[in-house]
Every structure is written in structure tokens, then in C-alpha cells.
Amino acid sequence: MWNPSQYLQYADHRHRPFVDLVARVDLDAPRRIVDLGCGPGNSTRLLSDRWPDAALDALDSSAEMVSAARRNGLAAEQGDVRDWTPAEDTDLVVSNALLQWVPEHRELLAAWARALPRGAVIAVQMPGNFGAPSHRALREVAGSAPWVDRLPVGLLRHDDAVDDPSDYATLLAAHGCAVDAWETTYVHRLSGTDPVLDWMRGTALTPVFDALDDGQRAFEAELAARLREAYPAGPDGVTLFPFRRVFCVATVGAASGATDLAG
């Protein structure tokens with residue numbers, strides 16, 4: 001179960017990639033904006049602030065996140081991104097930290113590029129840190145006894161859950177888009193006891209805890225020991241947590257024969 005309060009514990013850190021993503025969108029007056037994976041809606045409000053005249057749709061698969069988004073004033077709806085199709089007047093599709101959970105996301109991006117009107121923009125950001133020590137430690141613990149027999153096969157994302165920016169640029173350029181793709185590694189300064197574990201509680205650990213029900217404390221304790229070794233606190237008590245993210249902004253039907261790669 002997704003916990004909006006846990007997710008928002010590092011709201012400033014999680015919001016920054018959304019700001020960086022939307023800053024690269026070059027649209028003056030989109031008719032309809034869709035935020036796929038809106039979460040609690042704190043970042044979605046940036047869209048309505050920048051384009052106040054646009055119709056704004058928000059979608060999330062979590063009932064808890066949808067409830068939080070509605071409390072934030074959004075007309076959010078619960079649904080699966082794989083079932084979503086754009087309305088005829090959709091000029092901007094934003095998906096921030098969602099598609100890494102969807103193995104079929106490459107096919108979805110291609111389908112959106114085919115379905116959206118010319119000049120529409122697809123703007124996505126996905127964590128690209130599945131090969132980082134944090135996620136390697138998570139997979140190692142999950143693959144050891146007794147957890148390996150209690151967690152569904154394929155529950156955790158692997159190193160190739162998200163492609164490199166050039167792969168998304170190639171994919172979307174093949175569907176007639178002009179593409180701006182890049183990656184950024186943010187170095188987050190975290191404080192507190194086991195801060196990387198706290199970060200992961202709001203995202204990567206959610207499906208693990210849903211599957212375990214009981215046993216959460218023991219699993220956390222084993223993972224926390226590995227994370228403390230991988231991410232030791234400095235003399236000032238601050239833990240540095242590098243976090244790689246992959247970005248892609250594609251303008252539909254605007255390809256000029258060259259793909260714009262930045263990064």
C-alpha cells in the first residue's frame with residue numbers, strides 16, 4: 001500500500017526532478033495536460049500554476065495517492081496507466097517516476113507518440129538507479145532465505161528496468177518525435193537514522209512490504225545493515241545518496257531528421 005506521508009518525507013528531493021523535467025517543456029498554451037502517476041499531487045500543482053488555462057487530468061493507480069491528491073485540490077482519478085488513452089485535445093503528457101514500474105512502458109511511449117496530436121509533448125522522468133548499491137542490496141536480501149520463498153518472482157525491478165536516454169531518444173525519434181533526452185545524478189544529503197532505508201520505504205520497498213505482511217521488521221533490519229555499509233554517514237551526520245534519473249521530452253511530429261541528445 002502506497003503511503004503518501006512516507007513518500008512526502010523527502011518531498012523536496014522528489015520534487016526537484018519534476019521541476020527540471022517540466023522546465024524543458026516548450027509549450028505556450030496546451031489545451032489539456034495529463035499527469036500520469038500524479039501521486040499525492042504536490043508536484044502536479046506546478047502544471048496548473050504554469051498553464052492555468054489548460055484542462056488538467058491526474059491519474060494514479062493507488063487509491064491512497066488519489067485520495068491525497070484530491071485533498072490537494074486535484075480532480076484525480078484512479079486507474080492503470082496501461083489502460084489510459086489520450087483525448088483528442090491532449091497537448092502535454094507528463095509522467096514522473098512512474099514508468100519504471102511498467103515493463104511495457106516502451107510500447108506505451110510509442111503508442112502515445114502515435115495517438116497524440118502533432119505538436120503535443122511527452123515528458124517523462126524515471127529513476128535510473130536500479131544498479132545502485134541501494135537496489136542491489138534490496139535484491140540481495142530479497143533473494144536470500146527466508147525472503148526468497150515469500151516474495152513473488154519478478155517483484156523487484158532489475159538493472160535494465162529503465163533504458164539509457166539514448167534508447168528513449170531512438171525509440172521516440174522512430175515515431176516522428178523531436179527528442180531531448182538526458183540523465184542527471186542528484187546527490188541528496190540525507191540526515192537521521194538509516195535515511196536511505198527511510199527513502200526506500202516510500203518507493204522501492206512498498207511492493208515488498210505489501211507482499212510480506214508480517215516479517216517487515218526483520219527484513220528492514222537486514223537491509224538497513226547493508227545500506228549503512230554502502231552509504232555511511234559522514235562526520236557531520238549527513239549521508240550522501242547519489243540518485244540517477246533518466247529524462248525524455250519528445251515533441252510529436254516534429255522530427256527534423258536529427259535527434260537532440262543532451263546529457
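Modeller: What follows is a short chat about the fold, its cores and a few loop residues.

Biologist: Before we start, what kind of model is this?
Modeller: This is a predicted model.

Biologist: Okay. How many helices and strands are in the protein chain?
Modeller: The chain has 10 helices and 8 strands. Its radius of gyration is 19 Å, close to the 18 Å from the globule rule for 263 residues, so the chain is as compact as a globular protein of that length.

Biologist: And what box do the C-alpha atoms fill?
Modeller: Roughly 50 × 40 × 40 Å, taken along the principal axes.

Biologist: What share of the residues is buried?
Modeller: Buried residues are 49% of the 263. As for the surface, the chain exposes about 12100 Å², and carbon and sulfur atoms supply 49% of that area.

Biologist: Let's go inside. Which residues have the most contacts in the largest nonpolar core?
Modeller: Those are L36, L109, W112, I122, L172 and V179, in a core of 31 residues. At least two core residues come from each of β1 (32-36), α5 (105-115), β5 (121-127), α7 (165-173), β6 (178-190) and β7 (239-251).

Biologist: Which of them gives the most?
Modeller: That would be α5, with 4 residues.

Biologist: Which residues of α5 are buried, then?
Modeller: H105, L108, L109, A110, W112 and A113 are buried there. The cover over the buried residues of α5 includes β1, β4 (90-96), β5 and α7.

Biologist: Back to L36: what does L36 touch?
Modeller: Leaving out residues up to four places away in sequence, L36 touches L59, V81, W84, V93, V94, S95, N96, L98 and W112. There is also a second, separate core of 25 residues, and A204, V208, F219 and F241 are among its members.

Biologist: New topic, loops. Where does V252 lie?
Modeller: V252 is in the loop between β7 and β8 (260-261).

Biologist: Buried or exposed?
Modeller: V252 is buried, because its relative accessible area is 5% and the cut-off for buried is under 20%. Beyond its neighbours within four places in sequence, the contacts of V252 include A113, I122 and C177.

Biologist: What about S62, where is that one?
Modeller: S62 is in the loop between β2 (55-60) and α4 (63-71). S62 counts as buried too, at 4% relative accessibility.

Biologist: What about D194?
Modeller: D194 has a positive phi as well, about 50°, and is not a glycine. D194 lies in the loop between β6 and α8 (195-201).

Biologist: Last one: how far apart are the mean positions of the positive and negative charges?
Modeller: They are 3 Å apart, for 24 positive and 37 negative charges.

How values were computed
Residues numbered from 1 in each chain as written. Predicted model: local features only at pLDDT ≥ 70, side-chain atom pairs only at ≥ 80, totals over all residues. Heavy atoms only, no water. Core = buried A, V, L, I, M, F, W, Y, C linked by side-chain atoms within 4.5 Å. Buried < 20%, exposed > 50% of the residue type's maximum accessible area, 1.4 Å probe, protein only. Contact = heavy atoms within 4.5 Å. Rg over C-alpha atoms; globule rule 2.2 N^0.38 Å. Areas by Shrake-Rupley, 256 points an atom, 1.4 Å probe, with all protein chains shown as cover. Lys, Arg positive; Asp, Glu negative; His and termini not counted. Charge placed at Lys NZ, Arg CZ, Asp CG, Glu CD.
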